[in-house]
Amino acid sequence: MREISVTNLPKSPIEMIGKDWMLITSGDKQNYNTMTASWGGVGVLWNKNVVFAFVRPSRHTFSFLNSNEYFSLSFFDEKYRDVLSYCGKYSGRDVDKAKECNITAQFDENAPYFDEADTVIICKKLYIQDMTEDCFIDKALLSNYNGDDYHRVFIGEIVKVLKK
């Protein structure tokens with residue numbers, strides 16, 4: 001993989017995240033976890049290029065994001081859709097997702113990502129905020145939640161973008 005500028009992403013981040021999906025991964029060589037996500041964003045905040053990732057506290061990856069300074073977003077070609085589906089359906093508490101999906105974890109100096117990814121964004125965690133029911137202006141959006149398992153928003157500075 002080669003490093004590219006975030007301004008040279010291969011396609012719209014809206015399409016990459018919402019249509020193609022991604023794996024959010026955090027941890028180290030000894031212990032890491034990944035999960036599929038299709039909610040998030042890319043933008044500018046505090047004069048920095050950033051990503052916004054949303055993870056529920058019930059997800060195993062949540063504890064890895066909380067306890068590590070860095071995380072990655074890995075984007076794949078369509079032929080890996082079954083991998084993304086599997087990583088969204090099964091918990092890393094119960095299975096070794098990389099082994100089951102036959103994907104290879106790589107370890108940047110800061111965050112794990114996957115060899116098979118087409119594009120990887122390495123992020124340094126800047127800010128977290130828990131979503132709460134009282135902050136929803138459009139209460140119809142609460143139908144996305146069952147109980148009070150509201151997402152935590154992770155804002156990460158984009159420190160590196162890798163492209164196959």
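Which residues is Phe 62 in contact with, leaving aside its neighbours within four places in sequence? The first legend gives the answer.

This is a predicted model, in which local features need pLDDT of at least 70, side-chain atom pairs count only at pLDDT 80 or more, and totals for chains, interfaces and linings use all residues. Residues are numbered from 1 along each chain as its sequence is written, and side-chain values use heavy atoms, with hydrogens and water left out.

View 1. Leaving aside neighbours within four places in sequence, Phe 62 is in contact with Val 55, Arg 56, Pro 57, Arg 152 and Phe 154; contact means heavy atoms within 4.5 Å. Phe 62 counts as buried because its relative accessibility is 11% (buried means under 20% relative accessible area, exposed over 50%, and partly exposed in between, with a 1.4 Å probe and protein chains only). The C-alpha atoms of Phe 62 and Asp 108 are separated by 20 Å, and these residues are 46 apart along the chain.

**View 2. Cys 101 in helix H4.** Helix H4 spans residues 97-101 and includes Cys 101. With a relative accessibility of 14%, Cys 101 counts as buried. Apart from neighbours within four places in sequence, Cys 101 is in contact with Val 83, Tyr 86 and Cys 87. Between the C-alpha atoms of Cys 101 and Val 50, 51 residues apart along the chain, the separation is 29 Å.

**View 3. Salt bridge between Lys 48 and Glu 157.** A salt bridge is a side-chain nitrogen of Lys or Arg within 4 Å of a carboxyl oxygen of Asp or Glu, and the structure holds ten of them. In this one, the side chains of Lys 48 and Glu 157 meet at 3.7 Å, N to O. The pair links distant parts of the chain, with Lys 48 in strand S5 (residues 48-55) and Glu 157 in strand S10 (residues 152-163), 109 residues apart. Lys 48 counts as partly exposed, at 31% relative accessibility.

**View 4. Salt bridge between Lys 19 and Asp 20.** The N to O distance between these side chains is 3.9 Å. Lys 19 counts as exposed, at 51% relative accessibility, whereas Asp 20 counts as buried, at 9%.

**View 5. Arg 81 with Glu 78 and Trp 21.** Arg 81 forms a salt bridge with Glu 78, the closest N and O atoms being 3.3 Å apart. Glu 78 counts as exposed, at 52% relative accessibility. Arg 81 also lies over the face of Trp 21, at 4.0 Å from the ring centre (a charge sits over a ring if NZ of Lys or CZ of Arg is within 6 Å of the ring centre and within 35 degrees of the ring normal).

**View 6. Aromatic pairs.** Rings of Phe, Tyr and Trp (its six-membered ring) pair if their centres lie within 6.5 Å; planes under 30 degrees apart count as stacked, over 60 as edge-to-face and the rest as tilted. The count comes to nine aromatic pairs. Phe 136 and Tyr 150 form a tilted pair, 6.0 Å centre to centre with 45° between the planes. Both Phe 136 and Tyr 150 are buried. Ring pairs also link Tyr 32, Phe 107 and Phe 114 into a cluster.

Terms used
Helices (H or I, at least four residues) and strands (E, at least two) are DSSP runs, numbered from the N terminus.
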